[in-house]
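Subject: The model, and what turned up in it

Hello,

Here is the structure I promised to pass on. Have a look at it first, and then read on for what I found.

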Amino acid sequence: YQSSSIESRCMSTEVKKPVTPSFMDFEFTNLVEMQQKACKHYAPNRLFGTRVGDNFEWMNYGDFGKLVDNTRKVLHKLGVGYNSRVAIISNNRVEWAALQFAAMGLGGQLVPMYEAQPQSDWEYIINDCGASVVVCANQSIYDKVKDYPGKLGQVKHLLSLDAAADDSINYQK
């Protein structure tokens, strides 16, 4: 048993050791502050893993923090603020979490719906909550709701999570 040689080989690699989380690493008073501080404090640590084939692609806390900040800027440009509602029609994915923290950071709320729900449910929920922005997971959902702005409730803007980067409906634009 030669633990010192194993430890020295492990310590000499270029891999950055993750920050070990502890409940009291930082203080926060709300969820937005918790997310922001966690993303700074644990920046190199893995946060979300997405299965791609047989492997996972990982997003770390730092990258998630940047995604939330960019999403918050987009929502702010669209007029999302205190007591605004942002509706999302999507299955679970990283962007959902980013939208949640971005909306809360502006004083708004995220109103979640799933892709499998009937369109009549989407219409009822969007109208009832007074959403001004609707975020769609993909082109198929976007095509079903593209007529909502100006015709359903308070909807003014539509965004798509899977739109091409140069598309005006891309949620990161």
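Four strands form an open sheet in the order β4-β3-β5-β6, with parallel pairing; two strands count as paired if DSSP finds at least two bridges between them. The edge strands are β4 and β6 (157-160), each of which pairs on one side only. From one strand to the next, the twist averages 20°. Inside the sheet, 4 bridges join β3 (residues 85-89) to β5 (residues 133-136), and I89 has C136 as its bridge partner in β5.

A word on the source: this is a predicted model, in which local features need pLDDT of at least 70 and side-chain atom pairs count only at pLDDT 80 or more, while totals for chains, interfaces and linings use all residues. Residues are numbered from 1 along each chain as its sequence is written, and side-chain values use heavy atoms, with hydrogens and water left out.

Overall, the chain has 6 helices and 6 strands; these are DSSP runs numbered from the N terminus, with helices being H or I of at least four residues and strands E of at least two. Their order from the N terminus is α-α-β-β-α-β-α-β-α-β-α-β. Of the 173 residues, 36% are buried (buried is under 20% relative accessible area, exposed over 50%, partly exposed in between, with a 1.4 Å probe and protein chains only).

Both α4 and α5 lie across β3, β4 and β5, where contact means heavy atoms within 4.5 Å. To β4, α4 runs at about 150° and α5 at about 165°; these angles run from 0 to 180 degrees between N-to-C directions, using axes fitted to C-alpha atoms, for helices over the stretch in contact.

Helix α4 covers residues 94-105. Because 9 of its 12 residues are buried, α4 is largely enclosed by the rest of the structure; among the buried ones are W96, L99 and F101. Just after α4, G107 takes a positive phi of about 90°.

Leaving aside residues up to four places away in sequence, Y114 touches I89, S90, N91, N92, W96 and W122. The C-alpha atoms of Y114 and S90 are 5.1 Å apart, although 24 residues separate them along the chain.

Best wishes

Terms used:
Expected span 1.5 Å × (residues − 1).
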